[in-house]
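Please keep the sequence and the coordinates at hand while reading.

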Amino acid sequence: MRESVDSLAVIRRNLASIAGGRLLSADRRVTTGHMALDAALDGGLARGRVHELFAAEPADGPSAAGFAAMLALRAAGRPAPIFWLRSDKAERHGGSIYAPGLIALGGEPDALVLGIAPDTKGLLKTAADAARCPGLKALVVECWGKCPELDLTASRRLALAAEQSGVTLLLLRLEAEPLPSAADTRWSVGAAPSLALEANAPGPPIFEIELLRRRAGPSGMRWRLEWDRDQIIFREPAHIGAVVSLPAGRPAAASAELRLSA
């Protein structure tokens, strides 16, 4: 079920229909499937925390959005829903989310519930409401641009709500620069070249990610990940090679299949 909403009241009703129970899983970590990455994170991303995702370059916005969708699939599991909140500005500047693209990632479009808030203030208020719902396991909050309302106090409010409910909150920041926040981890996400399949068909999406910050551990490490849509996990790419520096404005060859249409 894909629902596009433009009022906070409708968003809250959707949340009420999804939530209403305790966190279904007692697992405290969201494993990615990539052994080296999970080991560095002491087993995976911490549940009940906020994790920030930034695009490495402006052209990497679709890749960062696709990476957020993949992490949400890992965090939610089947058949739990993924609630994706974005501002009207993100809808206008970033393009509409193409829910059937989840099929190409191994998910189901009916699992995606989309909420569109009229402005950043409404987005953050609704995100805090959503983060308090233990029936949700994965929440993506997309804030486009500088978003001055998303200050340290607002991020602490989100972090506290996620910690109390156990909801894994992925804060997708596009066209933005990192600022002080209460996020547990902060990531830079970029597209990396993928290995073409037979008949020159596009290969699985590959990402170049960097851990920019971690509250409870070291940061600065980088990994290259390949998405396995059949297993719904990340893995080491089939071809291991040197990191390739790609210029800004390039076609994102490895951008995810959660396409954004203008």
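Leu-41 is buried, with a relative accessible area of 2%; buried means under 20% relative accessible area, exposed over 50%, and partly exposed in between, for a 1.4 Å probe and protein chains only. The model is a predicted one, in which local features need pLDDT of at least 70 and side-chain atom pairs count only at pLDDT 80 or more, while totals for chains, interfaces and linings use all residues. Residues are numbered from 1 along each chain as its sequence is written, and side-chain values use heavy atoms, with hydrogens and water left out.

Leu-41 lies in the loop between helix H2 (35-40) and strand S2 (45-46); helices (H or I, at least four residues) and strands (E, at least two) are DSSP runs, numbered from the N terminus. Not counting residues up to four places away in sequence, Leu-41 touches Arg-29, Trp-187, Leu-211 and Arg-214, where contact means heavy atoms within 4.5 Å. Arg-29 is 12 residues from Leu-41 in sequence, and their C-alpha atoms are 9.1 Å apart in space.

Strand S3 (residues 50-55) and strand S8 (residues 168-174) pair in the parallel sense over 5 bridges, and His-51 has Leu-170 in S8 as its bridge partner.

Strand S10 (residues 206-214) in turn runs antiparallel to S11, with 5 bridges between them; here Ile-206 stands opposite Glu-226, and Glu-208 stands opposite Arg-224. Of the 7 residues of strand S11 (residues 222-228), 6 are buried, so the strand is largely enclosed by the rest of the structure. S11 is also joined to strand S12 (residues 233-235) by 3 antiparallel bridges, among them that of Asp-228 with Ile-233. The hairpin of S11 and S12 has 4 residues between the strands, and in it Ile-232 takes a positive phi near 55°.

Which residues have the most contacts inside the largest nonpolar core? In this core of 43 residues they are Phe-67, Trp-84, Trp-187, Ile-209 and Phe-234. Helix H3 (residues 61-76) gives the most to this core, with 11 residues. A second, separate core of 27 residues includes Val-113, Leu-136, Cys-147 and Leu-150. A nonpolar core is a set of buried Ala, Val, Leu, Ile, Met, Phe, Trp, Tyr and Cys residues joined through side-chain atoms within 4.5 Å. Ile-209, beyond four places in sequence, touches residues including Leu-37, Phe-67, Trp-187, Val-189 and Trp-223.

The structure holds 1 disulfide, a pair of cysteine sulfur atoms within 2.5 Å. This link joins Cys-143 to Cys-147, with 2.0 Å from S to S, and is left-handed, at -125° about the S-S bond. Cys-143 is buried, with a relative accessible area of 0%, and Cys-147 is buried at 5%.

Finally, confidence. The chain averages a pLDDT of 83, and 81% of the residues score at least 70; pLDDT is the predictor's confidence in each residue, from 0 to 100. Confidence is highest in S3, at 98, and lowest in strand S13 (residues 260-261), at a mean of 42. Over residues 1-6 the pLDDT is below 50, and over residues 240-257 it stays under 50. Where pLDDT is low, the predicted coordinates should not be read in detail.

Notes:
Pairing = 2+ DSSP bridges.
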